[in-house]
Amino acid sequence: MGALGIGARGTESGVIIRAARQSTNRLQGFPPLALLRTGEKTINNPVIIPRDQHIITRAQISENALKVLNRLKDAGCASLLVGGCVRDLMLGREPKDFDVVTDARPEQIRKLFHNARVIGRRFRLVHVRFGRDIIEVATFRAIPRDISEEALSMEEEAVTGEDEHNTPADVFDHNVFGSQEEDALRRDFTVNALYYDIHDFSVIDYVGGVPDLKGGILRVIGDPEARYREDPVRMLRAVRFAAKLGFKLEDKTAAPIRQLAPLLASVSPARMFEEVLKLFHGGYALETYELLRHYGLFQYLFPLTEKSLEHEEGGFPVTLVPRALANTDARVNDNKPVTPAFLFAAMLWEPVREQMGEYILRGMNGHDAMFRAADYVLREQLRHVTIPKRFSVPMREIWSMQGRLDRRAGQQAFRLFEHKRFRAAYDFLLLRVEIGEADQALADWWTRFQTVGENDRRAMVTDIAPSGTGGKRRRRRRRRSPSGQAPSHG
Ligand code: ATP
Ligand code: MG
């Protein structure tokens with residue numbers, strides 16, 4: 001029982017996991033996964049919570065998900081919701097999406113739906129499409145027998161989109177697919193491993209997820225250190241769910257994180273990009289950021305930013321990042337759009353500013369210094385986290401427009417205003433104002449510029465000096481004007 005790290009928490013007797021899958025010589029170098037030590041193969045019977053003893057009702061499940069669940073059920077297959085959606089429903093929250101699992105194989109599933117396609121290479125899944133809504137249907141997965149396999153599977157999940165080169169279906173099926181128990185045990189946290197069965201509307205819990213949900217506890221399934229070693233992204237996920245759910249990391253789940261954080265360096269930058277978006281665009285970015293810093297994880301996502309945070313620790317802390325994240329959270333919670341370009345612009349702004357300062361000290365002009373600093377920071381960042389061009393280009397525009405926002409004379413303000421990145425650059429300016437890095441007067445000027453009509457805009461522009469904030473120039477004009485066409489008071 002103790003082998004699983006879950007036996008001690010009071011569920012009933014054990015069952016035997018099929019031993020056949022483990023009798024391969026690949027086992028010799030590796031434990032079959034932290035969950036199962038060779039020789040100890042018992043797991044707990046699931047706890048089944050009948051429909052009248054939990055709060056999930058079909059009314060809360062999307063129509064499309066119900067269609068998929070019922071079709072699978074009618075075909076005589078296992079048919080369950082699993083993962084985040086069950087967790088969220090049990091907490092009375094609205095799920096982001098609905099994931100379905102079954103014992104049917106991908107090809108079988110596809111044949112049940114006219115609007116379905118098989119995706120993925122080794123871990124083939126089926127996407128059932130209803131207009132823009134996609135319901136993902138997975139086959140119960142086995143516990144991978146070695147670490148490299150698990151890591152690979154996660155990489156694939158993160159970066160595989162459409163798949164052209166389908167591996168012959170049966171080649172991997174034997175290794176890849178498993179029982180429902182195994183499917184539960186290979187998941188990351190107890191609260192993420194609950195099932196909702198459409199056959200009898202019960203909730204099925206193999207791992208003590210329900211008591212953890214009630215206790216507000218995030219707990220790794222199995223041995224935390226081993227599970228983080230298998231897939232270091234789980235450390236980021238731990239922090240993400242703790243922030244999102246307001247849960248506490250259970251002691252053993254939290255304990256190894258600081259020490260194992262460097263393992264994140266081995267995760268592909270493409271997968272890290274996906275994770276960064278989940279971390280900071282989920283509506284809980286600020287809490288997530290604080291936890292990431294607390295557990296020493298942040299430096300593996302944004303090493304240059306971490307360094308600039310340290311520089312400032314003695315005097316003024318760098319506050320742009322938390323401001324930007326609070327802002328992002330507010331937008332997400334208001335259902336306003338957010339873009340990775342803005343997120344990365346904010347995250348990397350301080351390093352860019354510092355680097356720019358150095359180039360200027362070496363005699364470079366401001367414009368060139370900005371471009372060179374952006375190059376440098378982006379290059380460094382890409383070693384850790386991919387930023388696709390479609391986001392890094394606008395990110396750089398947001399940066400380079402910061403200098404231009406101050407130069408408003410002649411046609412400059414109008415040109416800037418028409419730039420497709422103007423709004424983002426303006427929002428970014430507001431952030432800089434909030435932390436005292438840019439002039440309130442400048443922001444006010446742009447705020448007004450956007451609200452008034454064409455004639456007033458022209459007047460605003462003629463009112464400012466060729467460079468600078470315009471105050472002085474205005475006074476000068478006033479003083480001069482009586483000698484010109486100003487009406488006399490006589
Ligand atoms: P969210 O609400 O953010 O989507 P989620 O729990 O649904 O949360 P997903 O990333 O969508 O998270 O993953 C779906 C499920 O797949 C998880 O609930 C978990 O059971 C399993 N899972 C995902 N990633 C991992 C991983 N790295 N290791 C183990 N299990 C994982
Ligand atoms: Mg999900």
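Welcome! Start at helix 16, where Leu320, Val321, Ala324, Leu325, Thr328 and Asp329 are buried. Keep in mind that this is a predicted model.

**Helix 16 in detail**
- Helix 16 covers residues 320-333, which makes 14 residues.
- From its first C-alpha to its last, helix 16 reaches 20 Å, close to the 20 Å expected at 1.5 Å a residue.
- An α-helix has 3.6 residues a turn, so residues three or four places apart point the same way.
- Among the buried residues of helix 16 are Leu320 and Ala324.
- Just after helix 16 comes Asn335, with a positive phi of about 60°.

- Two packed helices are described by the angle between their axes and the distance between the axes.
- Helix 18 (residues 366-382) and helix 19 (residues 389-404) have axes that come within 10 Å and cross at roughly 150°.
- Because angles over 145 degrees count as roughly antiparallel, helix 18 and helix 19 are therefore roughly antiparallel to each other.
- The crossing of helix 18 and helix 19 is right-handed.
- On the helix 18 side, the contact is made by Gly366, Met370, Ala374 and Leu378; helix 19 contributes Ser392, Arg396, Trp399, Ser400 and Gly403.
- Sorted by type, the residues of this contact are four nonpolar, four polar and one charged.

**The whole chain**
- The protein chain has 490 residues, and 37% of them count as buried.
- Of the contacts between residues at least 6 apart in sequence, 71% join residues at least 24 apart.

Conventions:
Residues numbered from 1 in each chain as written. Chains lettered and ligands numbered in written order. Predicted model: local features only at pLDDT ≥ 70, side-chain atom pairs only at ≥ 80, totals over all residues. Buried ≥ 20, exposed ≤ 12 C-beta atoms within 10 Å, placed from the backbone. Contact = placed C-beta atoms within 7 Å. Axes fitted to C-alpha atoms, helices over the stretch in contact; angles between N-to-C directions. Helix = DSSP H or I, 4+ residues; strand = E, 2+ residues; numbered from the N terminus. Parallel < 35°, antiparallel > 145°, perpendicular 65-115°, else oblique. Left-handed = near helix turned anticlockwise from the far one by under 90°. Nonpolar A, V, L, I, M, F, W, Y, C, P; charged D, E, K, R; others polar. Expected span 1.5 Å × (residues − 1).
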